[in-house]
Amino acid sequence: MSLLNEYVGGVTWGFMGRRGTWATEESGTSMELMKSVTGANWTAIAFSAIQATPQSTVIPYWELPTVTDDEVLWAIRKAKSLQLKVCLKPIVNCADGTWRAHINFFDKDVPCEPKWSEWFRSYTAFILHYAAIAEESGCEMFCIGCELVQADRREAEWRALIAEVRKVYSGVITYNCDKYQEDNVTWWDALDVISSSGYYPDHDWGAQLDRIEAVVKKQDKPFFFMEAGCPSRTGSAAIPNDWTLAGEPSEEEQSRFYHAMFGSCEGRDWVQGFMLWDWPASLYLPEEAPVNDDYCMYGKAAAPVIKNYYTSKING
């Protein structure tokens with residue numbers, strides 16, 4: 001399969017889900033609404049495994065709070081029943097609240113210190129487990145990592161991981177680099193698709209797209225934004241990656257961001273879509289939308305903006 005001739009009109013589903021919150025009537029309704037409200041043709045099914053700290057070397061993906069394999073398989077089947085193509089996206093996070101981008105170790109393995117080699121051994125087991133599920137369930141795409149900025153420099157380990165994933169998974173493989181990191185990853189050539197997090201200020205999309213375009217043209221690979229979005233909160237359009245930014249609920253702010261992002265990407269034919277952030281498995285009630293200031297677009301002014309744009313791109 002190639003993405004070269006297909007637009008990814010996607011939404012990320014389920015990320016904050018914890019064990020026991022998927023494979024329910026509520027979560028099924030959530031995914032149905034995601035499809036109908038946004039007009040999506042793809043979804044990234046995203047979930048976390050939790051290591052204790054940024055310097056921990058064990059990723060216990062089989063433990064709480066990570067959703068079970070049965071829940072993951074349920075979500076994939078549900079998406080496919082809605083005619084959504086699926087990117088399976090396992091993510092590692094830290095229990096102490098540190099952002100995964102700061103997972104880091106000494107460049108050289110040092111005795112009595114936690115080591116990159118130990119972490120990648122555990123991370124590889126984690127990723128291969130879900131790569132096998134992605135293959136078994138027919139997921140069209142698999143994402144091998146998300147925003148692991150400090151780990152991006154470990155080129156040899158990533159290339160080795162990708163080679164192992166290809167032994168068990170036959171679909172499209174990508175990696176979701178963080179915002180501003182597109183030109184720092186040195187191993188894009190080993191992947192099928194380049195993807196990144198598009199949390200760029202609403203006024204700066206043009207300059208950032210110019211920068212990313214140079215990477216995409218050099219690598220001659222398909223590209224899409226594996227994440228992109230903005231909280232419905234005053235001030236967020238200028239700092240869309242800051243989910244802790246203080247502000248008042250504002251549907252207009254979120255809608256303005258989407259107009260700016262879609263407008264800037266229009267005409268850049270190398271931008272082959274988005275997996276917008278995000279849509280939870282447990283939705284708020286529609287009457288709560290005006291006071292909800294998170295990324296989800298349900299019941300907000302941005303929703304028809306997204307559906308209109310996706311419809312034009314998917315059917316265009």
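**Entry 1**

I began with Gly9, which stands opposite Phe274 in strand S8. The model is a predicted one, in which local features need pLDDT of at least 70 and side-chain atom pairs count only at pLDDT 80 or more, while totals for chains, interfaces and linings use all residues. Residues are numbered from 1 along each chain as its sequence is written, and side-chain values use heavy atoms, with hydrogens and water left out.

S1 and S8 run parallel and are joined by five bridges; two strands pair if DSSP finds at least two bridges between them. On S2, I found Ala44 opposite Thr12, and four bridges pair S1 with S2 in the parallel sense. I noted as background that strands of a sheet pair through backbone hydrogen bonds, either parallel or antiparallel.

Is S1 mostly covered or mostly open? Six of its six residues are buried, where buried means under 20% relative accessible area, exposed means over 50%, and partly exposed lies in between (1.4 Å probe, protein chains only). Val8, Gly10 and Thr12 point one way from S1, while Gly9, Val11 and Trp13 point the other way.

**Entry 2: the barrel**

I then followed the pairing around, and eight strands close into a barrel in the order S1-S2-S3-S4-S5-S6-S7-S8, with parallel pairing. Neighbouring strands of this sheet are turned by 25° against each other on average, direction ignored; the axes are lines fitted to C-alpha atoms, for helices over the stretch in contact, and angles run from 0 to 180 degrees between N-to-C directions. Helix H1 (residues 25–38) packs on the sheet and touches S1 (8–13), S2 (42–51) and S8 (271–279), its direction making about 150° with that of S1; contact means heavy atoms within 4.5 Å.

Further along, strand S6 (residues 193–197) and strand S7 (residues 223–227) run parallel and are joined by four bridges, and Ser196 has Phe225 as its bridge partner in S7.

**Entry 3: cores**

Which residues have the most contacts inside the largest nonpolar core? They are Leu88, Ile144, Phe225 and Phe274, in a core of 91 residues. A nonpolar core is a set of buried Ala, Val, Leu, Ile, Met, Phe, Trp, Tyr and Cys residues joined through side-chain atoms within 4.5 Å. Helix H3 (residues 116–137) gives the largest share of this core, ten residues. A second, separate core of eleven residues includes Trp42, Ala44, Val172 and Met226.

I also listed contacts of Phe225 beyond its neighbours within four places in sequence, among them Ser196, Tyr200, Trp205 and Phe274.

**Entry 4: aromatic pairs**

The structure holds 40 aromatic pairs; rings of Phe, Tyr and Trp (its six-membered ring) pair if their centres lie within 6.5 Å, and planes under 30 degrees apart count as stacked, over 60 as edge-to-face and the rest as tilted. The rings of Tyr180 and Tyr200 are edge-to-face, because their planes stand at 90°, with centres 4.8 Å apart. Tyr180 is partly exposed at 36% relative accessibility, whereas Tyr200 is buried at 0%.

Phe262 and Tyr310 form a tilted pair, 6.3 Å centre to centre with 50° between the planes. This pair links helix H6 (residues 251–265) to helix H7 (residues 302–314), its members being 48 residues apart.

How values were computed: Helix = DSSP H or I, 4+ residues; strand = E, 2+ residues; numbered from the N terminus.
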